[in-house]
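Hello,

Here is the structure I promised to pass on to you. Have a look at it first, and then read on for what turned up.

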Amino acid sequence: EVVLLPCRCVFLATVALCVTCCLAFSSSPATFKLGGRAASLSLNKGLPVSPRHATAVFAPRASLADFGVESRIPEAPSKTKCACGSGKTYEDCCQKHHESGKAPADPEETIRARYSAFAYAIPSFIMASTHPKSEDHKDNKQAWEQELVDFCQSYRFHRRGERVLGVKMEETRYLGTGDEASVQFRARMIGPGQKLVTFWERSRLLKKDERWYYKSGALLEFEGPLL
């Protein structure tokens, strides 16, 4: 079943995966986006957009043991295809962004890196790549991080056999003086009942210090079951 939703700002970030991407609907106002809330690629609470001080650098956790979660980061990054679906290995793609804890210098790369951060359960990067003015920003970083981890654990981003689902860029536009960008993309995940979830989001990103941060996202359409 395909459900069409009006374009409006919600999380990416909700993410999404990106998802604070962040993608799930609940009884709360949280939204399903890769943006950034709770786990809100557009990469808000369902797939994410979570806000965070744009100049802050979040070091990746050595372990997610504090949350009772095992790391999903590839053990062989030079041989593993990146979860974002670029076709490159993780080592040649999103790893550098995740390890540096800094948002990329390209808006599409920010969306890709947020999506793969959801796939690999790296909440620190999702938080670090969220613009400080995002409505999904949370002062309680521990609670925010926990929400992102919970979202990551609710979805899978690979098919059986480790086949990548990924995110596909459909349209990127630079607005105003070039310090704002709109990125429309399609992202896929495995949701409840092992069913495929596909959603389309238009994310708004802002540039600060030559890096692109997720600001907000509008969920355009989705197919499949959501939590």
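Predicted model: local features only at pLDDT ≥ 70, side-chain atom pairs only at ≥ 80, totals over all residues.

Residues are numbered from 1 along each chain as its sequence is written, and side-chain values use heavy atoms, with hydrogens and water left out.

First, the overall picture. The protein chain has 4 helices and 5 strands (DSSP runs numbered from the N terminus: H or I of at least four residues for helices, E of at least two for strands). From the N terminus on, their order is β-α-α-α-α-β-β-β-β. Of the 227 residues, 54% are buried (under 20% relative accessible area, with exposed over 50% and partly exposed in between; 1.4 Å probe, protein chains only).

Since 10 of the 13 residues are buried, H2 is largely enclosed by the rest of the structure. Among those buried residues are Pro107, Arg114, Tyr115 and Phe118. At the N-terminal end, Asp106 caps H2, with a side-chain oxygen 3.0 Å from the backbone nitrogen of Glu108. After the helix comes Ala121, which has a positive phi near 55 degrees.

Now the aromatic rings. The count comes to 6 aromatic pairs (rings of Phe, Tyr and Trp, the last by its six-membered ring, with centres within 6.5 Å; planes under 30 degrees apart are stacked, over 60 edge-to-face and the rest tilted). Tyr115 and Phe157 have ring centres 5.4 Å apart and planes at 90 degrees, so this pair is edge-to-face. Tyr115 lies in H2 and Phe157 in the loop between helix H4 (141-154) and strand S2 (167-175), so the pair ties together parts 42 residues apart in sequence. Tyr115 is buried at a relative accessible area of 0%, and Phe157 counts as buried at 2%.

Phe118 and Phe151 also pair edge-to-face, 5.4 Å centre to centre with 85 degrees between the planes. Phe118 is in H2 and Phe151 in H4, so this pair ties together parts 33 residues apart in sequence. Phe118 counts as buried at 0% relative accessibility, as does Phe151 at 4%.

Best wishes

Key. Polar contact = N/O pair within 3.5 Å; in protein donor to acceptor, adjacent residues only side chain to side chain.
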